[in-house]
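Hello,

Here is the structure we talked about handing over. Please look through it first, then read the notes below.

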Amino acid sequence: MSRKDMDSSVVDEERSKKMRFEEGEERKTIKGKVVLMKKKILDLNDVKASVMDRFDEILGHKVSLQLISAVNGDPNAKELRGKIGKAANLEDWVTTIDPLTADHSTFNVTFEWEDEIGIPGAFLIRNFHHNEFYLKTLTLEAVPGHGRLHFICNSWVYPAECYKKDRVFFTNQTYLPSQTPGPLHHYREEELENLRGSGTGKLEEWDRVYDYDVYNDLGNPDKDNQVRPILGGSAEYPYPRRGRTGRPMTETDPDTESRLPLYQSLKIYVPRDERFSQMKMSDFASYALKSIFQFLVPEFEALFDKTRDEFDKIEDVLKLYEGRINLSNSHLLDTMREHIPIELIKELLRTDGEPVFKFPVPQVIEKDETAWSTDEEFAREMLAGINPVVIRRLQEFPPTSKLDPELYGNQNSSITEEHIRDNLDGLTIEEAIKNNRLFILDHHDALMPYLRQINTTATKIYATRTLLFLENNGTLRPLAIELSLPSDEDQLGAVSMVYTPAHEGAAGTIWQLAKAYVAVNDSGYHQLICHWLHTHAAIEPFIIATNRQLSVLHPIHKLLHPHFRDTMNINALARQTLINAGGLLEMTVFPTRYAMEWSAASYKDWVFPEQALPADLIKRGMAVEDSNSPHGLRLLIQDYPFAVDGLEIWSAIKTWVGDYCSSYYKTDETVQKDYEVQSWWQEVREKGHGDKKHELWWPKVNTRNELVESCTTIIWVASALHAAVNFGQYPYGGYPPNRPAMSRRLLPEPDTSDYDELESNPEKAYLKTITSQLQSVLGISLIEILSRHSSDEVFLGQRDTAEWTTDMEAIKAFGRFGKKLEEIEKRIDEMNGDKKRWRNRVGPVNMPYTLLYPSSEVGLTGKGIPNSVSI
């Protein structure tokens with residue numbers, strides 16, 4: 001709508017009101033209250049916006065609302081659609097004073113009531129100002145024949161000229177498509193069409209379009225060292241789809257989308273309502289870190305080169321937490337301050353004489369600075385660390401490879417009976433396997449196809465297999481570590497070395513280095529696959545499909561929506577600054593430039609039903625079905641903290657989802673006839689995860705049980721699984737010796753000075769191998785911020801508004817869910833306090849396992865399950 005048309009509309013409406021008043025027409029009115037957040041509240045420097053809005057009001061360019069009937073159609077419309085009431089403007093915009101500390105303003109609105117409206121089910125809003133505002137709610141207190149009506153909006157409303165269709169908002173009632181009041185059906189369908197968009201053109205900040213695209217925006221074909229493959233849409237590089245931005249393609253490669261300049265990173269397109277709140281942006285501003293390091297890497301290198309880019313001893317690493325690396329007089333800080341406008345990051349760069357780069361002490365060394373290096377802690381973190389989702393039960397010996405021998409030769413393990421038979425507590429290998437006492441952390445097959453390429457970079461790494469034995473006290477003990485490299489280029493197969501525990505001399509240092517190579521493998525696999533691919537990337541297609549195919553009135557939309565908060569925004573920023581060519585992950589994780597295509601290779605093995613925790617545990621051989629056990633599963637390691645807590649959370653989520661869905665779907669036929677749900681699930685399969693559309697494992701979602709299981713899995717992945725693999729990054733990985741992300745050299749050859757150093761100076765030999773000083777500072781800076789909870793975090797069992805639905809059955813079920821989570825918290829506290837029975841929950845480092853503790857305070861806590869993949 002043009003501004004000229006807006007002016008005409010407003011004038012006509014004012015003239016109509018004046019005529020009715022002069023004719024003495026008796027008017028009935030109903031009062032409403034609108035809660036919104038003005039743009040200026042979010043940007044204290046934007047005085048211009050406030051002034052322009054006030055001038056708009058004076059000139060008659062107001063904010064108008066019109067009620068839409070849920071019971072009576074418009075007699076003049078060609079199709080059934082709710083009758084639209086007369087326009088009413090927000091009152092007293094000019095005279096309402098907004099305190100700078102307030103996050104909202106409240107305005108009155110008076111609607112001229114028409115009996116033909118009956119009960120309103122929606123309303124239209126037109127913003128004739130120059131600036132957008134964030135509309136929170138509309139409440140009507142005394143609707144004739146009904147009483148109070150509440151509309152939850154939570155959406156940015158831009159000037160009317162930005163939209164082809166007027167913005168419409170519905171009451172907080174819930175309807176299946178077949179139950180939608182006839183007069184609202186048109187508006188329900190039209191709103192979904194608006195959200196789908198046309199599929200063409202560049203998307204602007206005010207757009208609300210949810211659409212799909214491949215990952216064709218990670219590389220820069222104009223720079224040889226930043227060419228990267230397109231992920232998604234091919235058999236070689238399958239991938240989940242991302243949100244489309246519509247940016248133009250590059251001139252060099254018409255298949256690669258152009259990238260935003262670094263300084264415009266925060267302007268990358270996501271649908272406007274998917275953007276971070278200002279509070280979250282202020283709390284974290286984590287992606288400004290890319291700005292810091294992009295400008296400063298050369299100066300970091302120059303600075304640290306004075307010490308040869310090395311930590312010489314463990315004490316040097318500990319200085320990072322004591323604040324004894326002080327750069328406050330260097331040109332480095334001047335450059336930082338010049339390029340960092342965000343106050344949170346500036347706090348790291350103090351000018352008041354306080355030490356710079358003083359990081360919080362990671363929990364893994366908070367109680368004991370050396371316990372991290374023990375074999376027991378090394379093994380425990382496979383069950384209760386930041387990546388407890390890879391370990392599996394060994395079911396055949398020696399371990400075998402699934403790699404194609406025609407392409408890779410013999411990749412089976414070279415670990416023999418002689419390596420481990422004396423450490424099985426008197427059991428034979430066959431007996432140990434039969435009694436479920438042998439386990440493996442296997443990163444061999446995932447890495448070997450990429451190992452030759454990765455080792456051409458500064459990274460020097462092995463593919464690893466780690467065998468472990470389950471002790472009688474429930475802890476794991478490492479038995480052997482296999483380090484493998486590809487055979488010479490003209491040969492297939494692998495060259496492998498097997499190491500067993502040793503604790504003195506050169507052999508002891510080699511054993512510590514072998515564990516470090518395992519940790520490097522696991523760190524990269526965790527970050528790129530278990531964390532990024534399996535939670536961030538895998539969940540985005542569900543977000544897009546939900547907004548395109550499920551109306552905000554739909555019960556499944558209301559169920560899932562809280563679990564999608566901030567995810568598209570964090571993923572878009574990651575494409576711009578983290579996972580892109582030359583991004584922070586390439587700088588700090590061992591696969592470097594091959595990181596993302598490595599994750600695409602792993603996506604070939606992604607199976608949606610196996611993302612459910614019970615299915616995952618069974619697949620890895622960590623549990624077996626048992627109807628007599630809690631949750632129908634018997635864990636084969638009883639003291640497996642991630643699985644113990646995870647099954648409690650999974651069961652609570654599934655019970656809540658089942659109770660909720662049962663109140664709307666009384667039969668399987670109801671699910672089958674729900675065309676929005678069927679379209680949603682079809683789009684997830686065929687578009688969102690389109691490279692997997694022909695897989696036979698996809699649930700059909702033709703029954704209530706299938707719907708419950710699928711929604712439970714989505715919620716589990718977005719909330720608890722992400723929390724388990726994200727918020728321990730700093731507590732465990734903030735101390736690089738415990739969780740190195742890089743390896744810079746292979747084991748030294750005997751009869752060399754480097755080999756002699758293994759015995760003469762083991763600390764230096766260890767630190768020369770793992771993450772460098774520069775990479776440590778970069779990595780620690782990143783994961784510290786990514787491990788924090790923001791002030792506006794909404795945790796599992798919470799909603800950001802109490803009136804999210806009017807359905808009392810759903811509200812009661814949600815209340816039961818919240819109480820169950822409180823019970824789980826108490827149980828976790830009790831188990832963490834019983835160190836003798838549950839040794840793996842605390843371990844040698846005396847660090848309680850709390851990553852699946854549902855609630856948390858703000859900040860770096862190592863606990864708390866946010867509703868969504870929000871950071």
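Which helix gives the most to the lining of the second largest pocket? That is α15, with five residues.

First, the ground rules. This is a predicted model, where local features need pLDDT of at least 70, side-chain atom pairs count only at pLDDT 80 or more, and totals for chains, interfaces and linings use all residues. Residues are numbered from 1 along each chain as its sequence is written, and side-chain values use heavy atoms, with hydrogens and water left out.

**Overview and confidence**

The protein has 30 helices and 18 strands. These are DSSP runs numbered from the N terminus: H or I of at least four residues for helices, E of at least two for strands. Of the 871 residues, 60% count as buried. Buried means under 20% relative accessible area, exposed over 50%, and partly exposed in between, with a 1.4 Å probe and protein chains only. Contacts (heavy atoms within 4.5 Å) with a separation of 6 or more come to 76% from residues 24 or more positions apart.

Mean pLDDT, the predictor's confidence in each residue from 0 to 100, is 89 for the protein. A value of 70 or more is reached by 87% of the residues. Two stretches need a note. Residues 326–330 stay under 50, and the model has eight contacts for them beyond four places in sequence. Residues 335–356 are also below 50, with 39 contacts beyond near neighbours in sequence.

**The second largest pocket**

The search ran on a 1 Å grid over the protein atoms alone. A pocket is an open set of points with protein on both sides within 12 Å along at least five of seven lines. A cavity is a set where a 1.4 Å probe fits but cannot get out. Lining residues have an atom within 4 Å of a point. Grid points are joined across faces, edges and corners, and a volume is the space filled by probe spheres set on the points.

The second largest pocket holds about 1,600 Å³ of space. Its lining has 46 residues, and K402, A446, Y525, D605 and K619 lie nearest the centre. Elements that supply at least two residues each include β12 (392–393), α15 (444–454), α16 (505–549) and α25 (704–726). The lining splits into 21 nonpolar, nine polar and 16 charged residues. Nonpolar here means Ala, Val, Leu, Ile, Met, Phe, Trp, Tyr, Cys and Pro; charged means Asp, Glu, Lys and Arg; the others, Gly among them, are polar.

**Cavities**

How many cavities of 30 Å³ or more does the structure hold? Twelve.

The largest cavity has a volume of about 290 Å³. Of its 19 lining residues, S523, G733, R739, A741 and I783 lie nearest the centre. Helices α16, α19 (584–588), α26 (729–733) and α29 (773–786) give two or more residues each to this lining. The largest share, six residues, comes from α29. By class, the lining of the largest cavity has eight nonpolar, ten polar and one charged.

The second largest cavity has about 220 Å³ of space. It is lined by 18 residues, with F378, E381, K515, A519 and N738 closest to its centre. Both α11 (375–384) and α16 supply at least two residues of this lining. Here α16 gives the most, with six residues. The classes are ten nonpolar, four polar and four charged.

**Local geometry**

Most residues other than glycine have a negative phi, and most peptide bonds are trans. Some exceptions follow.

- The peptide bond from F397 to P398 is cis, with omega near -5°. P398 sits in the loop between β12 and α12.
- D425 has a positive phi, near 55°. This residue lies in the loop between α13 (417–420) and α14 (429–434). D425 is partly exposed, at 44% relative accessible area.
- N436 has a positive phi too, near 60°. N436 is in the loop between α14 and β13 (438–442).

**T769**

Is T769 buried or exposed? T769 counts as buried because its relative accessibility is 2%. The residue is found in helix α28 (762–769). A polar atom of its side chain lies 2.9 Å from the backbone oxygen of A765. Leaving out residues up to four places away in sequence, T769 touches L513, Y517, M742, S743, R744 and R745.

Best regards

Terms used: A polar contact is a pair of N or O atoms within 3.5 Å; within protein, one must be able to donate a hydrogen and the other to accept it, and residues adjacent in sequence count only if both atoms are side-chain atoms.
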